[in-house]
Every structure is written in structure tokens, then in C-alpha cells.
Amino acid sequence: MNLLPFLAAAWILLVGLYGLVTSRNLVHAVGCLAVAQSSTYVLLLAVGYRRGATAPVFADLPVGSPVVDPVVQALALTDVVVGAAVTALLLALVIQLQKRHGTVDPQNLTELRG
Amino acid sequence: MSRSVRLWLFLSAGAVIAVAFAAACTGLPHFGTPVHPYGDRAVAAALSRRTANTVSSVNFDLRAFDTLGEESILFGAVLGATLLLRLARDERKEWPEAERVLPSTRLFGALLLPVTLLTGVYIVAHGQLTPGGGFQGGVVLATGLHLAYVAADYRVLKQVRPLAVLDVADAVAAGAFTALGVAGLVVAGAFLANFLPLGTFDRLSSAGLVPVLNAAVGVEVGSGVIVLLAHFLDQAVEITGGGPARTRFDPPEPE
């Protein structure tokens, strides 16, 4: 099954988007966004995998042994950090919404207020 | 838009995404394939710069400019959350009550707190040799400090957490990354270029600028996460008043 890891990433993305679309609670929606984003970790690591290879760290590994792709691992690290930052910012916004509007249901947030 | 219309819209869009994604995947190189041209070049470059951990080399040497953008996003997020969660005019702070803690829990926390902080520093310092580095070690440092909250109470956490210092440390570490980049521009002729001796492979002092940038990011991530968590904890524990009476996130009523 050569496609399965990539399709797993697509499945996680769609599940996260489904939760985002049907969510009635913004905290839940932020969680769903994090799920949708985690599909990119799976995709990146699946792209970088190399059969029979190990982690790209040569501290106790003979130079020249097969290692998985370090570039996508670095990209996944960037992805994790940016994802955590965005989640924190969105949760802070949700807290302010709850304080000012008294609701975290996006359906009830119809009016504009100064 | 009604709930069912939205769901159908999503399901049709989701089906399109699923089919297009699956079709695109059939064009990708097979999973686990041995050919990784970028990976091979990155490994060769990391070894030539005497960095044992290739991922750190990619983050702090080969793609250091991208990491500058990444940590700027983190800094911006901390700044934004601080602004959003500041004390509003109709709110006030209350000094939290002392909580009763089992003596064994307290002892366990007191014993483990220094061990966790040491682990965090170790992970930051060995980022160029072993899996780890500034981002991971910084998070370990920040969450390790919150053992004081888990094993004791909020008052103890406030005592071991100099928030004003950490606010400044966050900004200084974010600026240090840029300053090191400018230093590279002045000394070696390119922004973020390595200007330190590369040292011996597989030693703590190897990899030139990588451990220094690692340390800057470690301080920034560590203090940034502590400041972030501090504001969220303040909202839950200390700040009262303002807004409607509901303080918890109630689940929506079923239709």
C-alpha cells in the first residue's frame, strides 16, 4: 500500500474540516483546526520517509548510513511551532468573545458591536 | 445558511477535495522511496558544517532565515495573546486562595522540578548533536516550570515565575536572533552566515552558530510559552468580573 500514508493525511484533513464546519462551539472549532493542521505533519513525514532508514542524527550513527529526509522533518517542526502559536492566539480571541458577547457559538455571533 | 445546507455544501466540497487529493497522491513518488535529492544534499551540507543533527542544521544553518520568520510568528502570537488577554476596565484581579496539597505530591514536585529544568537545558544545549534544540527544549523548560502549579498551587507558581523578567527575555531573545544575523552580515558577508569556528564534529562546541541560535530560540520559546500560559491561567484563576455571569464555556443546547 504505497498510497495509504498520503490518504491518511487527506482523511485527517477532511475530518478536521468536517468538525470545523459543523462546530457549535469556538473552542471545539479551534481544536478541529488543530486536527486539520496535523494532517500536514502526517503528509510531510510520509513524504520524507525512506524504507530501512533511521533518524537524520549522526551523533552515534556511521556517516553514510541511510536516513530519512531531514528537510521535511525541519518543515514539520516549523509547522508545529506555527500551529501552536496560531492556536494560542485563536483561543485568546475566543476568551474575549465569551467575555464581550457571552457566547462561543458562531451561530449566535451575528451582530457587530464596537 | 442553515445547518443542513452548510453540511451538504461541505460534503460536496469534501468529496471534490478527497478525489483531487487521491489523484494527486498517485503522482507522488512512492512511499518509502530511496530517492531524496534534497535530503541527501542537506545531509552532505550538515556534515560539511560539522553538525551531527541534520534537522538542527537545516533549521539554524541552511534555512536559518526561515527560522527567523518562524520565531517572529511565535513572538507575534505571544504579543497578540498578551494584548488580547490584558485586564479590562471592568475586571479585577483576586489573589488566589492557598490550596491543600498532599505532602507526597509536594515532595515529588520539589524533587522533579530541578530535574525537569535540567532536562530542558540539556535538550537546548545538545540541539546540534542529538534530536532536540531550541524549540523542543524551550517547551520542556516552560512546561517543567508548571510542575510548581501541578504539585503545589498557583501562589507557588507565581513565586517561581518572574513574569516581568520573562517578558523582557522573550523580546531580547527574539532580537538576538536578528542581531546574530546582522553580525554574520558584517563579519562573513551574508545575513545569518556562520562566522564562528566550526569546532570538532560530535562535540558540544561543534557547528559554529547553530548552538548559539539554538540557545536564543530556547530562551524565546521557553519564556514565550510561560508568558502565554500565565495569561491563560490568569483568566482562569485570578481575573473576576466583566462580561455576563456565565464564566465557563457551556456546551450548546441541542436543537
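Predicted model: local features only at pLDDT ≥ 70, side-chain atom pairs only at ≥ 80, totals over all residues.

Trainee: Which element gives the most residues to the side of chain B that touches chain A?

Mentor: The elements that give two or more residues to this side of chain B include helix H2 (37-48), helix H4 (64-84) and helix H10 (210-237), and helix H1 (3-26) is listed with them. The top contribution is 11 residues, and the element that makes it is H1(B).

Trainee: How much area is buried between chain B and chain A?

Mentor: The size of an interface is often given as the accessible area lost when the parts come together. Here the contact takes 62 residues from chain B and 53 residues from chain A. Carbon and sulfur atoms give 69% of the buried area, which is about 5,200 Å².

Trainee: Is A:Arg24 buried or exposed?

Mentor: This arginine sits in the loop between helix H1 (4-22) and helix H2 (26-48) of chain A, and its side chain is joined to that of A:Asp105 by a polar contact of 2.6 Å. Because the relative accessibility of A:Arg24 is 18% and the limit for the buried class is under 20%, A:Arg24 counts as buried.

Trainee: And B:Glu99, is that residue buried or exposed?

Mentor: B:Glu99 lies in the loop between strand E1 (92-93) and helix H5 (103-125) of chain B. B:Asp153 is 54 residues away from B:Glu99 in sequence, while their C-alpha atoms are 6.1 Å apart in space. Since the relative accessibility of B:Glu99 is 51% and the exposed class begins over 50%, B:Glu99 counts as exposed.

Trainee: Over which residues of chain B does pLDDT stay under 50?

Mentor: The mean pLDDT of chain B is 82, with 93% of its residues at 70 or more, and among the elements of chain B the lowest mean, 70, belongs to strand E2 (residues 239-240). For the stretch you ask about, the model has 11 contacts beyond four places in sequence, and the stretch is residues 242-248 of chain B.

Note on methods:
Residues numbered from 1 in each chain as written. Chains lettered and ligands numbered in written order. Heavy atoms only, no water. Contact = heavy atoms within 4.5 Å. Buried area = accessible area lost by both parts, 1.4 Å probe. Helix = DSSP H or I, 4+ residues; strand = E, 2+ residues; numbered from the N terminus. Buried < 20%, exposed > 50% of the residue type's maximum accessible area, 1.4 Å probe, protein only. Polar contact = N/O pair within 3.5 Å; in protein donor to acceptor, adjacent residues only side chain to side chain. pLDDT = per-residue confidence, 0-100.
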